[in-house]
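Visitor: I would like to know what stands behind the terms used for this protein. Could you take me through them one by one?

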Amino acid sequence: MGMEHYSFYLNFLLGFIVFVISLSLLALVLLYRHRSQFKGNNLPPGNVGYPLIGESYDFVSAGWKGHPEKFFFDRIANYSSQIFKTSLFGKQAAFFYGAAGNKFLFSNENRLVNVWWPDHVNKIFPTSADVSATAEAKKLKKLIHNFMKPEALKRYIGIMDAITQKHFANSWENKQQVHVFPLAKNYTLAIAARLFLSLEDQKDIDKLGHSLYLANAGVISMPIDFPGTPLRKAIKASKLINGMLTEIIKQRKADLADGKASPTQDILSHMLMTCDKDGTYMKELDISTNIMGLLIGGYEATGAVCILIVKFLAELPHIYDAVYKEQMEIANSKAPGELLHWDDIQKMKYSWNVAQEVMRLTPPIQGSFREAATDFVFNGYTIPKGWILYWSSITTHKSVDYFQEPDKFDPSRFEGTGPAPCTYVPFGGGPMMCPGKEYARMEILVFMHNLVKRFKCERLLPQEKIVMDPLAMPAKGLPIRLFPHNHIN
């Protein structure tokens, strides 16, 4: 028995050693193959990390820790270059830094570069045909262009103001303390649901909001589709959203046929009544997916800006006082019960400068991806066709190269001609600039007007961090103390 046991353990040990050696050799082969993809003539400097994950975790975790710019600035300093190579989501990637990089990508949209999203995004935003989320994004931009123009949005200012007044009356007034994060998100979702879908039932809006949050969190996450991961939660949430929207779409079709709904009442009707050059109308799944993308953009990003505006107004009394003065001049010019209109929005110049400075310091969205449509040269380095490319607003917004004392809150930066071209880019640039820029401006200013004429605020957690998950958000929900004014018009 002793010899048999000895033989068994010896064989087990030898087998284990062979397994470890084989695993190590496999890892070395994978590492070699991974790094060999990034070798070639005149490629940018950089570190490509490990097989499959590359530097994806470092990129995402920098945002989780509240310093998304660190991923960029560390590498720019290490490589002494305005562009560096890396690997994200299993793809070869080049990160562009600075105004010159922004200008190059924006001006070469649909020529040298195309918009790109990770493959797993197609699982969150499904389409009826074999078309990627990238192609749908281009189609959607063209579709909603007319709806999002300032002259078209003017008629919705009164509706925005009425919803905002109701929101503050129900959720802020008669309270000593509130958490801004959930309230601001509820506010922006209520407006998006009303203007995009004519949806006003609060239970349906709340159900939609939770699912939209989960879907958005899966967009910029590790592409791991296992139970409990952000991606799996996002896919599940997407199916729930599409189910809800499909019911709304079917009912709207019936209402349009019966004359109970207007073809111009919201974006949903616009999509249902608009056909392409061949006379083909969008399928229900595509409409649902596009509406989901619009809701996320109109709810998550704008909500993040409103939250951060409250943060800075609570921190900086002199900024608050100047905004308050401007907004009260407008409020005092209104008749009792009169809603805001277009001319009022145009008078909110200082308030918009404050909002822009908030977006400079803490842009709600870090940046976006592109894909090289062909080989090209930038800054002396060759970028191969098929590489993904990334530009980031934070790298110019917080750089001393473009903004004097970049960490200082200074709305006067936006007076006159404002920042230099391609340095201030919270909405992107070029053909794929966010089509909802004017919508966001209106919604943010209506929010600021109703906030400051009612309250002065004080932060309860002065050291609370702002993290990226995936948009800018306060780590603890931004609890504040409210000090109500006595003169509410």
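Guide: Gladly! This is a predicted model, and a search through the whole of it finds 28 aromatic pairs. One of them joins Phe-59 and Phe-71, with 5.4 Å between ring centres and 70° between the planes.

Visitor: Why is the pair of Phe-59 and Phe-71 called edge-to-face?

Guide: Two values decide it. The centres lie 5.4 Å apart, and the limit for a pair is 6.5 Å, so the rings count as paired. The planes make 70°, and angles over 60 degrees count as edge-to-face, so that is the name it gets.

Visitor: Where in the chain do Phe-59 and Phe-71 sit?

Guide: Phe-59 belongs to helix α2 (residues 56-64) and Phe-71 to helix α3 (residues 69-79), twelve residues apart.

Visitor: How do you know whether Phe-59 and Phe-71 are buried or exposed?

Guide: By relative accessible area, where buried means under 20%. Phe-59 has 5%, so it is buried. Phe-71 has 3%, so it is buried too.

Visitor: What makes Trp-172 and Phe-447 an aromatic pair?

Guide: Their rings are 6.4 Å apart, centre to centre, which is within the 6.5 Å limit, so they pair. At 70° between the planes, this pair is edge-to-face. It links distant parts of the chain: Trp-172 lies in the loop between α8 (157-171) and β4 (177-179), Phe-447 lies in helix α18 (residues 437-452), and 275 residues separate them.

Visitor: Why are Trp-172 and Phe-447 called buried?

Guide: Trp-172 has a relative accessible area of 0%, and Phe-447 has 0%.

Visitor: Which residues do ring pairs link into a cluster?

Guide: The cluster holds Phe-59, Phe-71, Phe-72, Tyr-79, Phe-84, Phe-95, Trp-116, Phe-369 and Tyr-390.

Visitor: What makes you say that the charged end of Lys-311 sits over the ring of Phe-312?

Guide: The distance to the ring centre is 3.9 Å. The limit is 6 Å, with a second condition of 35 degrees from the ring normal. Arg-360 likewise lies over the face of Phe-403, at 5.1 Å from the ring centre.

Visitor: Which strands are the edge strands of the open sheet?

Guide: The sheet has three strands in the order β4-β12-β9, with antiparallel pairing. Its edges are β4 and β9 (455-459), since each pairs on one side only. From one strand to the next, the twist averages 35°.

Visitor: How do you know that β4 and β12 pair?

Guide: Three bridges connect β4 with strand β12 (residues 479-484), in the antiparallel sense. At least two are needed, so the strands count as paired. Within β12, Arg-481 stands opposite Gln-177.

Visitor: What packs on the sheet?

Guide: Helix α13 (residues 284-315) does, touching β9 and β12, and its direction makes about 85° with that of β9.

Visitor: Which residues touch the most other members of the largest nonpolar core?

Guide: Trp-172 and Phe-196 do, in a core of 104 residues. α13 gives the most to this core, with 16 residues. Not counting residues up to four places away in sequence, Trp-172 has contacts that include Val-178, Phe-447, Phe-455 and Ile-480.

Visitor: How many helices and strands are there?

Guide: The protein comes to 18 helices and twelve strands. Of its 489 residues, 52% are buried.

Terms used. Residues are numbered from 1 along each chain as its sequence is written. This is a predicted model: local features need pLDDT of at least 70, side-chain atom pairs count only at pLDDT 80 or more; totals for chains, interfaces and linings use all residues. Side-chain values use heavy atoms; hydrogens and water are left out. Rings of Phe, Tyr and Trp (its six-membered ring) pair if their centres lie within 6.5 Å; planes under 30 degrees apart count as stacked, over 60 as edge-to-face and the rest as tilted. Helices (H or I, at least four residues) and strands (E, at least two) are DSSP runs, numbered from the N terminus. Buried means under 20% relative accessible area, exposed over 50%, partly exposed in between (1.4 Å probe, protein chains only). Axes are lines fitted to C-alpha atoms, for helices over the stretch in contact, and angles run from 0 to 180 degrees between N-to-C directions. Contact means heavy atoms within 4.5 Å. A nonpolar core is a set of buried Ala, Val, Leu, Ile, Met, Phe, Trp, Tyr and Cys residues joined through side-chain atoms within 4.5 Å.
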